[in-house]
Every structure is written in structure tokens, then in C-alpha cells.
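I opened a notebook page for this structure. I wanted to look up its pockets and its charged pairs.

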Amino acid sequence: MLKKGDLFPDFKLENQNGEWVTNETLKGQKAIVYFYPRDNTPTCTTEACDFRDNLSYFEKLNTTVVGVSGDTKRKHQNFINKHQLNFDLLVDEDFQLSNAVGVYQEKKTFGKVSMGIVRTTFVLDEEGRIIDVIEKVKVKDQIEQLKQILEG
């Protein structure tokens with residue numbers, strides 16, 4: 001798992017519209033890159049809507065928000081349209097970036113063991129260096145944690 005002070009790895013992923021987003025795209029402003037298991041599940045929906053509802057706050061702090069999951073462009077588009085999301089969702093179908101940052105792990109859900117994305121949020125500085133990492137995110141607390149991190 002990457003940690004505070006590490007450089008976020010190089011990546012090139014498509015967003016919901018098929019446009020390429022890279023680590024270079026995010027440079028020049030702070031970025032919140034949050035990894036989540038799946039579109040349109042209850043907790044992931046709550047998390048995305050929390051970001052939607054607080055996006056103007058983050059933008060005032062010159063901070064962009066992107067979500068990353070293994071879902072397809074079509075699933076991301078449906079998720080965005082259904083919940084009026086106002087930020088990009090990146091497609092990591094082969095879990096290349098999720099593996100690179102250490103969030104694609106063995107998980108136990110209802111007693112069943114499988115591989116998947118563990119909900120994790122990275123906060124990056126303007127150069128792409130990790131300011132902070134929120135591991136095993138508790139969605140109800142996340143926005144407040146991010147505000148504290150960004151406001152120093």
C-alpha cells in the first residue's frame with residue numbers, strides 16, 4: 001500500500017466518456033483519488049453522493065475529485081446519470097492502478113473470500129505526491145476527514 005510522501009504511480013485510464021485521464025492530468029492542483037468496489041451499491045452510492053454534494057467545497061480549495069473502480073464506462077455513465085454525479089469516474093477493469101497502489105486485495109464479504117478493491121482514498125498534492133491516505137474508509141466520516149487534511 002502506498003503511503004504518505006510516496007509519489008502516486010503513473011497511470012492512464014479512461015473516464016466514463018472514454019477520455020484519457022493520467023497522473024499528469026491531475027497535476028497542478030490537489031486531487032482526491034478514491035477507490036471503491038462497485039457502482040450502484042448502497043455504500044458506494046452514499047460515498048459518491050457525498051463527494052457530489054461537497055464538490056464545490058473541494059473546488060474552492062483547488063482540489064479535483066476522481067473515483068476509480070473496476071466497472072465499465074457504461075456502468076459509470078449509468079451511475080453518474082442516475083445520481084447526477086459531477087466528477088469523473090475512471091475505468092480500472094484490469095485493476096492495474098488498484099494493484100499499483102495496493103488497494104486490490106483479498107476481502108471477506110458475508111463470509112465469502114474474494115479479490116476486490118478495498119475502499120481507500122488518496123489525497124495528492126499539486127505534484128502528485130501523496131499528502132495522506134484514508135484506509136478502510138468509513139463513508140460517514142470521510143468528508144470531514146478530507147476537510148481536515150486539506151485545511152491542514
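**Ground rules.** I am working with a predicted model, in which local features need pLDDT of at least 70, side-chain atom pairs count only at pLDDT 80 or more, and totals for chains, interfaces and linings use all residues. Residues are numbered from 1 along each chain as its sequence is written, and side-chain values use heavy atoms, with hydrogens and water left out.

**Largest pocket.** I looked up its volume and found about 420 Å³. A pocket here is an open set of points on a 1 Å grid over the protein atoms alone, where a 1.4 Å probe fits, with protein on both sides within 12 Å along at least five of seven lines; lining residues have an atom within 4 Å of a point. Grid points are joined across faces, edges and corners, and the volume is the space filled by probe spheres set on them. I noted 18 lining residues, with Pro37, Arg38, Lys107, Thr109 and Ile117 nearest the centre. Two or more residues each come from α2 (42-60), β6 (104-109) and β7 (112-117). Helices (H or I, at least four residues) and strands (E, at least two) are DSSP runs, numbered from the N terminus. Strand β7 contributes the most to this lining, with 5 residues.

**Second largest pocket.** I found a volume of about 180 Å³ for the second largest pocket. Its lining has 14 residues, and Lys12, Leu13, Asp92, Asp94 and Gln96 are the closest to its centre. The elements giving two or more residues to this lining are β1 (12-14) and α4 (96-101).

**Salt bridges.** My search of the whole structure gave 7 salt bridges (a side-chain nitrogen of Lys or Arg within 4 Å of a carboxyl oxygen of Asp or Glu).

- Glutamate 47 and arginine 119 meet at 2.7 Å, N to O. I placed glutamate 47 in helix α2 and arginine 119 in the loop between β7 and β8 (120-124), 72 residues apart. Both residues are buried (under 20% relative accessible area; exposed is over 50%, partly exposed in between, with a 1.4 Å probe and protein chains only).
- Lysine 27 pairs with glutamate 24, the closest N and O atoms being 3.1 Å apart. Lysine 27 is partly exposed at 32%, and glutamate 24 is exposed at 51%.
- Arginine 52 and aspartate 53 meet at 2.8 Å, N to O. I read arginine 52 as partly exposed at 22% and aspartate 53 as exposed at 51%.
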